[in-house]
Every structure is written in C-alpha cells, then in structure tokens.
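Here is a short tour for anyone who would like to get to know a fold from its contacts. Please keep the viewer open while you read.

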Amino acid sequence: MAQEILVPSAVRRELRRIGDRVRAARLERNLPMQIVAERAMTTRQTVGRIETGDPRVSWGTVLGVLNALGLLETAGHLAAPQGDPIARMKSADLRHRRARLPKAPSSRAGPESQS
C-alpha cells in the first residue's frame, strides 16, 4: 500500500475537483484512460490517480494528461495575476521581481561627533 501524503484538506478538495474535471473532459471526448495515458506518455493507473486527486502525481504528468486532452492552455490560468487578489491590489509599477522581507531598522546611531 502506498504511503499517504499529508496535505491540507483544502488542497485535497482542489485536487479532487481538478481530477473530476479531467475525468469529465476525458469522457466528453470519449477517450479511454489507456489512450490518454499513451498520448501523455504515462500509465493508465497514473491517469486514474490524477482523476481521483492523488497528490503524489507530478506536475509534469498532470500537464502531460492535460495536453493529451487538448487542455494544456488551461493550466496557464492556475497562478495568473488576474486571479490573484494581492496582485490586483498593487499597480504594475509597485510589483517587485523578487519577494523581499522589509529591512530591519538599523541599530546603529548616526555618525558620532568627535569632540
């Protein structure tokens, strides 16, 4: 038996929701798991794991299955700035290329005067 991976319940729900959508897309296209697996260069069992929301499946494999279903472009919306409430609040001029912690106040007093 495979070891259970601990993931937050919200993540597990989202994995199941995505898996349900992948399954629905496969069935709408009338494609058996085996055909999707071959096109995605994976196994039928792995396609089944994606459809059940298994967190152990790699991103690359999930994207391969989306590609086999003609849905690869939908993956680009996952972390798009348009869906990010924080990014929407900031203007384009204020966005940083790197995330940085705020600088700590300096413990040094200014230049000391010499008497």
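Is Glu51 buried or exposed? With a relative accessibility of 6%, Glu51 counts as buried, where buried means under 20% relative accessible area, exposed over 50% and partly exposed in between, using a 1.4 Å probe and protein chains only.

A word on the ground rules before going on. This is a predicted model, in which local features need pLDDT of at least 70 and side-chain atom pairs count only at pLDDT 80 or more, while totals for chains, interfaces and linings use all residues. Residues are numbered from 1 along each chain as its sequence is written, and side-chain values use heavy atoms, with hydrogens and water left out.

**Salt bridges**

Glu51 has a charged partner: its side chain meets that of Arg23 in a salt bridge at 4.0 Å, N to O. This pair links distant parts of the chain, with Glu51 in helix α3 and Arg23 in helix α1, 28 residues apart. Helices here are DSSP runs (H or I, at least four residues), numbered from the N terminus. Arg23 counts as partly exposed, at 42% relative accessibility. A network of salt bridges joins Arg23, Arg26 and Glu51.

A salt bridge is called when a side-chain nitrogen of Lys or Arg lies within 4 Å of a carboxyl oxygen of Asp or Glu. By this rule the count comes to five salt bridges, and the table shows some of them.

| Pair | N to O distance | Relative accessibility |
|---|---|---|
| Arg17 and Glu14 | 2.2 Å | Arg17 35%; Glu14 31% |
| Glu51 and Arg23 | 4.0 Å | Glu51 6%; Arg23 42% |
| Asp54 and Arg56 | 2.6 Å | Asp54 12%; Arg56 38% |

Arg17 and Glu14 both lie in helix α1, three residues apart, which is about one turn of the helix. As background, side chains of opposite charge can pair when their charged atoms come close.

**Around Arg49**

Arg49 is a helix α3 residue and counts as partly exposed, at 28% relative accessibility. Leaving out residues up to four places away in sequence, Arg49 touches Asp54, Arg56 and Val57, a contact being heavy atoms within 4.5 Å. Gly19 is 30 residues from Arg49 in sequence, yet their C-alpha atoms are 8.2 Å apart.

**How α2 meets α3**

At what angle do helix α2 and helix α3 pack? Helix α2 (residues 33-40) and helix α3 (residues 44-51) pack at about 100°, with axes 8 Å apart. Axes are lines fitted to C-alpha atoms over the stretch in contact, and angles run from 0 to 180 degrees between N-to-C directions. The two helices are therefore roughly perpendicular to each other, a label for angles of 65 to 115 degrees. Met33, Gln34, Val36 and Ala37 of α2 make the contact with Arg44, Val47, Gly48 and Glu51 of α3.

**The nonpolar core**

The largest nonpolar core has 15 residues, of which Val22, Val36, Val65 and Leu69 touch the most other members. Such a core is a set of buried Ala, Val, Leu, Ile, Met, Phe, Trp, Tyr and Cys residues joined through side-chain atoms within 4.5 Å. At least two of its residues come from each of α1 (9-28), α2, α3 and α4 (59-68). Beyond four places in sequence, Val22 touches Ile50, Glu51, Val65, Leu66 and Leu69.

Conventions
Angles under 35 degrees count as roughly parallel, over 145 as roughly antiparallel, 65 to 115 as roughly perpendicular and the rest as oblique.
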